[in-house]
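Please keep the sequence and the model in view while reading the numbered points.

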Amino acid sequence: MAPATKPTKFLKPGKVVIMTSGRYAGKKCVIVQNTDMKNKERPYGHALVAGVKKYPKKVVRGMSKRSIARRSQVGVFLRVVNQKHFLPTRYNMDLSKAVSYTHLTLPTKRIV
């Protein structure tokens, strides 16, 4: 028999995932912070994800500036989600430029 190996941790910050349940089912998001440990508040593995709630719509030349501005808006969401409620993809995103981790290290400002 082969020795038991530890499972690889692939749910790292920057992993692109798709929500599978809830209000944002089918929406793409990125893991910002992952927590495999359980706590009293959340007795399951969970992750802080940031995603796109509303994608920009198509813009054509004849539209006014107001309608172009409205249709170009992007809606975003930030949620703490159970790890069973999203589907990881093979894609990763570099979060070093997009997210600053300074507020996540302070114990008073931590989200998860």
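1. What is the mean pLDDT of the protein, and what percentage of its residues reach 70 or more? The model is a predicted one; its mean pLDDT is 84, and 79% of the residues reach 70 or more. Among the elements, helix α1 (residues 65–71) has the highest mean pLDDT, 95, whereas helix α2 (residues 102–105) has the lowest, 57. Where pLDDT is low, the predicted coordinates should not be read in detail.

2. The overall layout may be taken next. The secondary structure comprises two helices and five strands. Read from the N terminus, the order of these elements is β-β-β-α-β-β-α. The protein has 112 residues, of which 26% count as buried. Its exposed surface comes to about 8700 Å², with carbon and sulfur atoms supplying 58% of that area. Among contacts with a separation of 6 or more, 57% are made by residues 24 or more positions apart.

3. Strand β3 deserves attention for its pairings. With strand β2 (residues 28–35), strand β3 (residues 46–54) pairs in the antiparallel sense over six bridges. Strand β3 is also joined to strand β4 (residues 75–82), again antiparallel, by eight bridges. Which residues does Leu48 have as bridge partners? Leu48 of β3 is the partner of Gln33, and in β4 the bridge partner of Leu48 is Val80.

4. Two further residues of strand β3 can be examined individually. His46 is found in this strand and counts as buried, because its relative accessibility is 0%, under the 20% cut-off. The side chain of His46 reaches the backbone oxygen of Tyr44 at 2.9 Å. Lys54 also belongs to β3; with a relative accessible area of 34%, Lys54 is partly exposed. Lys54 touches Arg70, Gln73, Val74 and Gly75, leaving aside residues up to four places away in sequence. The C-alpha atoms of Lys54 and Gly75 are separated by 4.5 Å, although the two residues are 21 apart along the chain.

5. The structure holds one aromatic pair.

6. The last point concerns His85. Where does His85 lie? His85 is placed in the loop between β4 and β5 (86–92). Its relative accessible area is 35%, and His85 is therefore partly exposed, falling between the limits of 20% and 50%. Not counting residues up to four places away in sequence, His85 touches Met19, Thr20 and Ser21.

Notes. Residues numbered from 1 in each chain as written. Predicted model: local features only at pLDDT ≥ 70, side-chain atom pairs only at ≥ 80, totals over all residues. Heavy atoms only, no water. Pairing = 2+ DSSP bridges. Helix = DSSP H or I, 4+ residues; strand = E, 2+ residues; numbered from the N terminus. pLDDT = per-residue confidence, 0-100. Phe/Tyr/Trp six-rings, centres within 6.5 Å; stacked < 30°, edge-to-face > 60°. Buried < 20%, exposed > 50% of the residue type's maximum accessible area, 1.4 Å probe, protein only. Contact = heavy atoms within 4.5 Å. Areas by Shrake-Rupley, 256 points an atom, 1.4 Å probe, with all protein chains shown as cover. Polar contact = N/O pair within 3.5 Å; in protein donor to acceptor, adjacent residues only side chain to side chain.
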